[in-house]
Amino acid sequence: MDIVGIIQKEIEERLKEAVLKAKDEGDLNFEELPFFIVEVPKEKGHGDFASNLAIILASQTKKPPREIGEIIIKHLDTSNTWIKDVEIAGPGFINFTLMREWLYQVLEVVERGDKKYGRSNVGNGKKVQVEFVSANPTGLLHMGNARGAAIGDTIANVLEAAGWKVTREFYINDAGNQIENFAKSLEARYLQLLGKEAEVPEDGYHGEDLIETMRNFIELEGDKYLEADPEVRREALTEYALKEKLKSIKESLERFGVAFDVWFSEHTLHESGAVNEVIEELRKRGYVYEKDGALWFKSTLFGDKKDEVLVRKNGMPTYFAADIAYHKNKFDRGFDRVINIWGADHHGHVVRMKGAMEALGYDKDKLDIIIMQLVRLFKDGEILRMSKRTGQYITLDELIDEVGKDAARFFFVMRAADSHLDFDLDLAKKESSENPVYYVQYAHARIISILRQAVEKGVEIPRAYKTDLTVLDSEVELELIRKLAEFPGLVKACAETLEPHRLPHYAIELAGMFHSFYTECRVLGEDEGKQAARLVLVNATRIVLRNVLNLLGVTAPERM
RNA sequence: GCGCCUGUAGCUCAGCUGGACAGAGCAACGGACUUCUAAUCCGUGGGUCGCAGGUUCGAAUCCUGCCAGGCGUACCA
């Protein structure tokens, strides 16, 4: 339940009634009721809620906003509401001050909601698929993948909280050119380890992890592929290496707190004929032509700058063709909505992909593609270029080892996806104890400590509805409750905009307000009434803090 | 060249879809622990919101043009 939302709606209704009544009685003259908002103002001095209705109506009614405001207030019926006071302020805002009881009501709602506080049903049980990370299984996960993992998983969490039925999916690019390069690189390492002359191709994978992989392989299989037909050899090496890489990717993601529901192999799309089928389908629909021996998709029809190759001259379908088949497969599985999280290096792909879906007759608006800007890594004050080819990159595992899962996830989600992210490794290490995530977790640990000691003293944590909460009347206490009240609206907004970065900011603000409260207000040892009310407040804060941390995939520690 | 993203305090970034005097965290400086965890709190300083126009009662937010950075512009993925 979202008290703020309910009150907003209520005020909106009352305002509408007032304005229409004013019109009927000839006090206001306008054609159409314009769109207006009821919001929680940033400034405390502006009341609990505020509306811009009077300002919006100014141009239609040809009256000054403040005068319109007066007229609206004259016709406003505030009976049976929390509204205590209404006034015009600034350029014509209508500010509402509510009876304090609404805040006390919030505590009861938080307590009753408990784990469900913040959840809603705007998704209405519809099916949504979130595809993210989808890293090439030719190496380990790097910082860019890590950012995608944190953002994708949090978006999935938020959608779940908003009532969607979510499937988390990882698309395994286990086909195509890169696999060829991968195979050649593996072969070179294999031969090298067995004392033969061989070199990793220039556009191959130079990372040292492949040496390790081939060492493991030799331990199992020995040198029996030394004299084998190179094609057979490469296939055996690749099969083994892909399995090993995928396993370690899974393990890293698990450590990072990310669990996928579906691991979807690109290879199966080629094998099943799905890729050829979708190409045929596009051909039938007239979106395909041949040129220079290759088969092209007319992506320019959908706003792309150039057409895109589906099948190469050598007869091999491109990554794009397979990806179309994959996305068709997604829609055919009955998802009401499909969300992709891609790195900025794929942004050129967006228009084509949506175009292809349109060409196949799907609703392209059901496909959301979130483009995530790349992570720039700094070490010793210098930019560290990341590349799988050269094997120059910090892995997700190393990141977890150095700064921890919680800090890493929090840090990645804190930045908006479309902002470039500078990640200074030295700083992250150095500041690990000052990282904002600890600030939030510390608030939670402090709360648990209070509650624990209360129990030890034989003090029961009182229920809100049985407690006189009106003794919570200091500024810090009321501010804290206001913050708790914001939470459901925030989760809803994050789900709508697919922008989870507001969650960490909220968590920091909430923790900050709690820390201020903690310094200013004692809980245990106060007179019984005050102690009881504050225990209710502290417990409610615990619930919200835990819930927001859960959404972020960050642990809420009991001790620090 | 063209397309997408970005440009807000010394640094890293928010700014709730156009609202009421531009915020936070680091960093700097000054205070606060015999009392529920000082991984904390309180206070101070710091900004022509890249630049120039435009729309609007009102612009960091929308439009146009510049400037700077990132990414893309493969029969790679």
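Student: What makes up the domain division of chain A?
Tutor: Chain A is divided into domain 1 (3–99), domain 2 (128–172 + 258–376), domain 3 (173–257 + 377–432) and domain 4 (436–552), with bounds that come from an automatic or database domain assignment. The model is predicted: local features need pLDDT of at least 70 and side-chain atom pairs count only at pLDDT 80 or more, while totals for chains, interfaces and linings use all residues. Residues are numbered from 1 along each chain as its sequence is written, and chains are lettered from A and ligands numbered from 1 in the order in which they are written.

Student: What separates the centres of domain 1 and domain 4?
Tutor: Taken over C-alpha atoms, the separation is 32 Å.

Student: Why are H15 and H19 called roughly perpendicular?
Tutor: Helix H15 (residues 405–414) and helix H19 (residues 502–520) have axes that cross at roughly 115° and come within 7 Å. Axes are lines fitted to C-alpha atoms, for helices over the stretch in contact, and angles run from 0 to 180 degrees between N-to-C directions. Angles of 65 to 115 degrees count as roughly perpendicular, under 35 as roughly parallel, over 145 as roughly antiparallel and the rest as oblique; H15 and H19 are therefore roughly perpendicular to each other.

Student: Which residues make that contact of H15 with H19?
Tutor: H15 contributes Phe410, Val413 and Met414, and H19 contributes Leu503, Pro504 and His505 (contact: C-beta atoms, placed from the backbone, within 7 Å). They divide into five nonpolar, one polar and no charged; Ala, Val, Leu, Ile, Met, Phe, Trp, Tyr, Cys and Pro count as nonpolar, Asp, Glu, Lys and Arg as charged, and the others, Gly among them, as polar.

Student: How do you know that Asn539 is buried?
Tutor: A residue is buried if 20 or more other C-beta atoms lie within 10 Å of its own, exposed if 12 or fewer, and partly exposed in between, with C-beta atoms placed from the backbone. Asn539 has 21 within 10 Å and is therefore buried. Asn539 lies in helix H20 (residues 528–552) and touches Glu111, Leu451 and Ile461, not counting residues up to four places away in sequence.

Student: Which residues come nearest to RNA strand B?
Tutor: Of the 73 residues around RNA strand B, these are Ala50, Gly90, Gly176, Asp292 and Gly348; a residue is near if its C-beta atom, placed from the backbone, lies within 6 Å of the strand. H17 gives the most to this surface, with nine residues.

Technical notes. Helix = DSSP H or I, 4+ residues; strand = E, 2+ residues; numbered from the N terminus. Contact = placed C-beta atoms within 7 Å.
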